[in-house]
Amino acid sequence: MSSRLRLLIACLATSVVLAPLIWMWSNSLMPDDYSVMDMGYADYGGGAAATAAGGHAGLHAGGMDITEIVADADRPADVKVHLVAEQGEFTLASGRTVSGYTLNGQSPGPEIRAVQGQLVEVTLENRSVPDGITLHWHGVDVPNAMDGVAGVTQDAVPKGGSYTYRFVAEQAGTYWYHSHQVSHEQVKGGLLGALVVMPEEQDPGLVDALALVHVYDGRHTVNGRERELAVPAPPGATVRVRAINTDNGVMSVWTSGAPYRLVAVDGNDVHDPGQVEDKAVLLTAGARADLEVVMPADGSGVRVEMGGTAVALGEPTPPTSKPERLLDLLDYGSPAPIGFDPADATRSFDYVIGRRPGFVDGRPGLWWTINGHLFPDVPMFTVTEGDIVRMHIENNSGDEHPMHLHGHHVVVLARDGVRATGSPWWTDSLNVADGGAYDVAFLADNPGVWMDHCHNLPHAAEGLVAHLMYTGFRTPFTIGGTADNTPE
């Protein structure tokens, strides 16, 4: 065989290997400016399919602009807040200096409190955050235009700019807010705070304690304090501790010194919650749990342990080790109506999480997949207002994922095929373990374009993001572009 023939064969063999790789690399490249409405492929869940030219994006081309989905513009605000975002060094409540981001010179940002039914108005001013900023109201089912996702519901607010959010606090509960622009960096760096919506009728004797947990530079804090948070509580008092996990991993919560009742999950009351001893509550990334404790009559104290820190109620009391068992929300509490019948579902979706090698925006790596597809070739879950929706979430990826659907709460129907029998388990931040599966349902009653993603925010930045789109609605915003919108 001649040297020229050997060279030709070698070149052909190389091209056979390289050509598919070059094609995959080229096919993965993202434009500098694109709409999430053009991403991936439409999944109609067995419901009405697109008939308009242009596929799922074309179906919505003449629909309502989501910027029109807002609270009554003529209604005056009941709660008005002005938040100024800055980048730089700041001092935690514990006294330690860290680098990151602040709101009104502090992190966590100011706690926002409202009463159920009040209209909340928050003006966000970006004084010095170079990448821009937004505010997402985590767990609050706001009108779509107020959801605070850069490139989906608004443009990122640049340095020197401002943006005003207005929404009615319809549901009492524990929530939080955080940036949804470069969120895997900005949330970790401190652009976050708590939002508490109190019920219209309040118990004047109740002790209400907020416990927002965040890790700054590897140090666990509660409300910005590295040490335990001391809360005065007299003997016999009932204390409600609102635990918020703002980090990317799971956190366990339990009590030392007295039993507790889990009275709310992700802002939703638990029906008929029973007393719990020697069990911990698993709180996934983004999730909230309200624990109610009755202080011992003998004057001794109680500790609510949470993720390396604690809330100390009343007199000092020694900590206990984490219980071996977890409280199972699948059978905790007692059944109650949910307002619709999941058996009558008009849409049914699969959200199967995996992982495989490939290219995302030209970068080689081991990436998360949704239904076998790499970002951005992921499903656009498409519904019509009024649909009853079921979704099967399955995780075969080798890691756990806290799944968060914006603008809606889902009710858990089953886990790993075992039917839920306790209180309706309403959630917006659901921990799906590796090898695990959930069946959930919700009513499509909040139109717009909504993110449905993993709230381990680096996972979302690595492609574990899909969207829920209502037919007849469209967003004018784009990822990238002149605003450099980068939601994850």
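The side chain of Asn248 comes to 3.0 Å from the backbone nitrogen of Leu457. This and every other value in the report derive from a predicted model. Asn248 belongs to the loop that joins β15 (238-245) and β16 (251-256). The residue is partly exposed, its relative accessible area being 26%. When neighbours within four places in sequence are set aside, Asn248 is in contact with Ala285, Pro402, His455, Asn456, Leu457 and Pro458. His184 is 64 residues from Asn248 in sequence, and the two C-alpha atoms are 9.0 Å apart in space.

**A histidine in β8**

His136 is part of strand β8, which covers residues 136-138. With a relative accessible area of 1%, His136 is buried, because the limit for that class is under 20%. Beyond its neighbours within four places in sequence, His136 is in contact with Asp147, Gly148, Trp176, Tyr177, His178, His180, His404 and His406.

**The four-stranded sheet**

Four strands form an open sheet in the order β5-β4-β7-β9, and their pairing is mixed. The edges are held by β5 (97-103) and β9 (162-168); each has a single partner strand, so one side of each is left without a neighbour in the sheet. From one strand to the next, the twist averages 25°. In general, the strands of a sheet pair through backbone hydrogen bonds, in either a parallel or an antiparallel sense.

Strand β7 comprises residues 119-126 and runs antiparallel to β9, to which seven bridges join it. With β4 (residues 79-91), β7 pairs in the parallel sense, again over seven bridges. Thr123 is placed opposite Thr164 of β9. How much of β7 is buried? Seven of its eight residues are, so the strand is largely enclosed by the rest of the structure.

**Salt bridges**

The count of salt bridges comes to 19.

| Arg242 | Asp208 | 3.0 Å |

Asp208 and Arg242 form a salt bridge that links distant parts of the chain, with Asp208 in strand β12 (residues 207-216) and Arg242 in strand β15, 34 residues apart. Asp208 is partly exposed at 25% relative accessible area, whereas Arg242 is buried at 3%. Both residues also belong to a network of salt bridges that links Glu111, Arg113, Asp208, Arg240, Arg242, Asp269 and Asp290.

Glu292 is buried, with a relative accessible area of 17%; Arg261, at 29% relative accessibility, counts as partly exposed.

Which parts of the chain does the pair of Arg347 and Asp387 tie together? Arg347 lies in strand β25 (residues 347-360), and Asp387 in the loop between β28 (379-383) and β29 (388-395), so the pair ties together parts that are 40 residues apart in sequence. Both Arg347 and Asp387 are buried.

Definitions and conventions: Residues numbered from 1 in each chain as written. Predicted model: local features only at pLDDT ≥ 70, side-chain atom pairs only at ≥ 80, totals over all residues. Heavy atoms only, no water. Helix = DSSP H or I, 4+ residues; strand = E, 2+ residues; numbered from the N terminus. Buried < 20%, exposed > 50% of the residue type's maximum accessible area, 1.4 Å probe, protein only. Contact = heavy atoms within 4.5 Å. Polar contact = N/O pair within 3.5 Å; in protein donor to acceptor, adjacent residues only side chain to side chain. Pairing = 2+ DSSP bridges. Axes fitted to C-alpha atoms, helices over the stretch in contact; angles between N-to-C directions. Salt bridge = Lys/Arg side-chain N within 4 Å of Asp/Glu carboxyl O.
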